[in-house]
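Here is my note on the structure you passed along.

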Amino acid sequence: MPEPMALPGVFITGTDTEIGKTAVTAALLRDYAARGVDAVGMKPIAAGADETPDGWRNEDALALQAASMPGVAYEDINPWCLPLPIAPEFAARSAGVTLSWPPVRDAYARLRAGAQRVLVEGAGGWRLPLSAGAEMPDWVEAAGWPVVLVVGMRLGCLNHALLSAESIARRAPLLGWIANTLPPVQRRLEENLDCLRARMPVPCLGQLGCGQQRLATNLLDDALFCFARESSHRIQSAADSMERICPEPRRGTLPESI
């Protein structure tokens, strides 16, 4: 059955580095596959790679490729693959390149043409510097991706989650958050989860980690369809408003006044 509207990609960011963005993204991709939905993961920037006969390959990007629909080129999943496992801006400088948006934009377009869902995993946290004048939110805003925040459940997560959500909302739509429980399991885990459920401006879309697997794509899709529908209405409303304010002149006539 065809879907009622075209859905944008979803950008998956985190409260920090090494908090489980790849694990969450791969789990969502596997759930899509189990539902018969063609889905692909993308990691626009990966810092830290091994040299192979096929070129530089990053472990996280390979994990996304393995969880994605078959037949997708690695270069489209990971257009910027940097050898050194350091901050991407510095890794790019060491590799003699400048991170730029067009290769990511073009790779995403190819992925989007062949898949029903594209999950785009960020690097590090939300405000990742890319160059002297750019950050990852610039790319997210340019693409129009709504965002899902992965919260690493550990000491400090309340502050990190609330600050990240506040920052994201200034630049992009925030669909929801996903809790990833990190070892060792933090004290008062359930109280921390309840605190975030009460204070975050968007719903919890699932939980993963330390033997917990309450993560499925149905809640993500609900939020994504709602976003797409509201976006479509906003665009149409804006177009209608412009038509009322600036009606097209009738052919063969001139405006009565200028």
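1. A contact is a pair of residues with heavy atoms within 4.5 Å. On that basis, 75% of the contacts in the chain with a separation of 6 or more link residues 24 or more positions apart.

2. Two remarks on the source. This is a predicted model, in which local features need pLDDT of at least 70 and side-chain atom pairs count only at pLDDT 80 or more, while totals for chains, interfaces and linings use all residues. Residues are numbered from 1 along each chain as its sequence is written, and side-chain values use heavy atoms, with hydrogens and water left out.

3. Overall make-up. The chain has nine helices and 13 strands. These are DSSP runs numbered from the N terminus (helices: H or I, at least four residues; strands: E, at least two). Of the 258 residues, 47% are buried. Buried means under 20% relative accessible area, exposed over 50%, and partly exposed in between (1.4 Å probe, protein chains only). The chain exposes about 13600 Å², of which carbon and sulfur atoms supply 55%; the areas come from the Shrake-Rupley method with a 1.4 Å probe.

4. Helix α1. The expected span is 1.5 Å times one less than the number of residues. Because 10 of its 14 residues are buried, α1 is largely enclosed by the rest of the structure. Among the buried residues are Lys21, Asp31 and Tyr32. Just after α1, Gly36 takes a positive phi of about 80°.

5. Helix α7. Its 15 residues, 157–171, reach 21 Å, close to the 21 Å expected. Buried here are Cys157, Ala161, Ser164, Ala165, Ser167 and Ile168. Their cover includes strands β1 (10–14), β10 (147–153) and β11 (174–181), plus helix α8 (189–199).

6. Leaving aside residues up to four places away in sequence, Ser167 touches Trp126 and Arg127.

7. The α7/α8 pair. The two pack at an angle of about 20°, with axes 10 Å apart. That makes α7 roughly parallel to α8, a term for angles under 35 degrees. Axes are lines fitted to C-alpha atoms, for helices over the stretch in contact, and angles run from 0 to 180 degrees between N-to-C directions. Cys157, Leu158, Ala161 and Leu162 of α7 meet Asn192, Cys195, Leu196 and Arg199 of α8.

Terms used:
Angles under 35 degrees count as roughly parallel, over 145 as roughly antiparallel, 65 to 115 as roughly perpendicular and the rest as oblique.
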